[in-house]
Amino acid sequence: ATGSQLWTRDAGGLAGPAAAAGDHFGAALAIADLGGSANRDLAVGVPDGAPGGGVHLLPGAAAGLTATGSQHWTQDSAGVADAAEAGDRFGATLAAGDVGSTVRRDLVVGVPGENAGAGTVHVLYGAAGGLTATGSRQWGEASPGVAGDPVAGDGFGAALAVVGRALAIGVPGEDLGTRTNAGAVEVLAGSSGGPTATGSQRWTQDSAGVADAAESGDRFGAALAAGALGWSTPADLAIGAPGENAGAGAVHVLPGATGGGATATGSQLWSQNSANVAGVSAAYDHFGAGLAVAGFGLAVGAPDDDAGAIRDSGAVHVLAGGANGVTADGSQLWTQNSTGIADAAEAGDRFGASLGR
């Protein structure tokens, strides 16, 4: 812990308002070079800060993070579309990646509570000195070229991932006909001017080549992660459907497509019922509620998995990437009872509810 730091909204010099009860500072995080320095910066979501959420940017420095040059963004910030309203939850989700024209990374901000929970997404671009709203855009299902219709409770932006230069947006509350909360994922292509709906994709469990079928409560798109999982150089997309099979949960892996986005050709479906995946699938395990892609492969959180009689203690599965995609060969199952892991599994711990790389 030598040199560790503790940050709150009351940290000296941090831009933005002081801390207040219920702000949930840190509910979402993203790390990238957003300001053009030699160090990576930290974006911190504060989705329940008044009036409608916010995002702090803490610049990176040689000895860690610094409040010098920090920024605070809301939907009331100059150049950001719309206006802050109670319940918007601006900053509930964050993703960083290159979706524009500069060498710097950009920041995607989810606002899943916007418009009675229909949800929207903002894109802020990296620039010298920090983020800029110049050229920023707001995306939702009402945007031209984006499939679907904005309906209360859709949760557009409840999960985000940058897939190469494309932007994947989870819409886990999307209804498909009479199947409520079946879920969907929108993929917007990257371009020199930022994300574009030209050539956009919409994925559901009813899409051709995607295993299974959409059902009420699946919540396909509730979690997303992107990275190279073995097929080829394009980034691949992992999609959580934690409500699948009475909440047992499942994860789809879609290979990356040349030119951006994803393809169902060779896609995979994983659950705790898959061959060689450790553990036992049970209702309400919520396998796929947390996802992360790193050099080792794909990590999958099952935060409500039980460790014997210990209810909702949680677990994390690690599946390796391979030449033909994700494989369960050599897969691992981790809990707080695993050898070498500090603490111990207890009821309600929800180990694996969120994952990062």
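Welcome! Strands S19 and S20 (residues 297-302) run antiparallel and are joined by five bridges; strands here are DSSP runs of E with at least two residues, helices are runs of H or I with at least four, and both are numbered from the N terminus. Two strands pair if DSSP finds at least two bridges between them. This is a predicted model, in which local features need pLDDT of at least 70 and side-chain atom pairs count only at pLDDT 80 or more, while totals for chains, interfaces and linings use all residues. Residues are numbered from 1 along each chain as its sequence is written, and side-chain values use heavy atoms, with hydrogens and water left out.

**The S19-S20 hairpin**
- A hairpin of two residues links S19 to S20.
- Gly 290 has Gly 301 in S20 as its bridge partner.
- Five of the five residues of S19 (residues 290-294) are buried, so this strand is largely enclosed by the rest of the structure; buried means under 20% relative accessible area with a 1.4 Å probe, protein chains only.
- In a regular strand, side chains alternate between the two faces of the sheet.
- On one side of S19 lie Gly 290, Ala 292 and Ala 294, on the other Leu 291 and Val 293, and all are buried.

**The chain as a whole**
- The chain holds two helices and 22 strands.
- Its radius of gyration is 20 Å, close to the 21 Å that the globule rule gives for 357 residues, so the chain is as compact as a globular protein of that length; the radius is taken over C-alpha atoms, and the rule is 2.2 Å times the number of residues to the power 0.38.
- Of the 357 residues, 52% count as buried.

**A four-stranded sheet**
- Strands in the order S7-S8-S9-S10 form an open sheet with antiparallel pairing.
- S7 (93-97) and S10 (130-139) stand at the edges with a single partner strand each, so one side of each has no neighbour in the sheet.
- Five bridges pair S7 with S8 (residues 106-111) in the antiparallel sense.
- Ala 95 has Val 108 in S8 as its bridge partner.

**The second largest pocket**
- This pocket holds about 220 Å³ of space.
- It is an open set of points on a 1 Å grid over the protein atoms alone, with protein on both sides within 12 Å along at least five of seven lines, and lining residues have an atom within 4 Å of a point; the volume is the space filled by probe spheres set on the points, which are joined across faces, edges and corners.
- Among its 19 lining residues, the closest to the centre are Ala 282, Asp 285, Asp 304, Asp 305 and Asp 306.

Note on methods: On a 1 Å grid over the protein atoms alone, a cavity is a set of points where a 1.4 Å probe fits but cannot get out, and a pocket is an open set with protein on both sides within 12 Å along at least five of seven lines; lining residues have an atom within 4 Å of a point. Buried means under 20% relative accessible area, exposed over 50%, partly exposed in between (1.4 Å probe, protein chains only).
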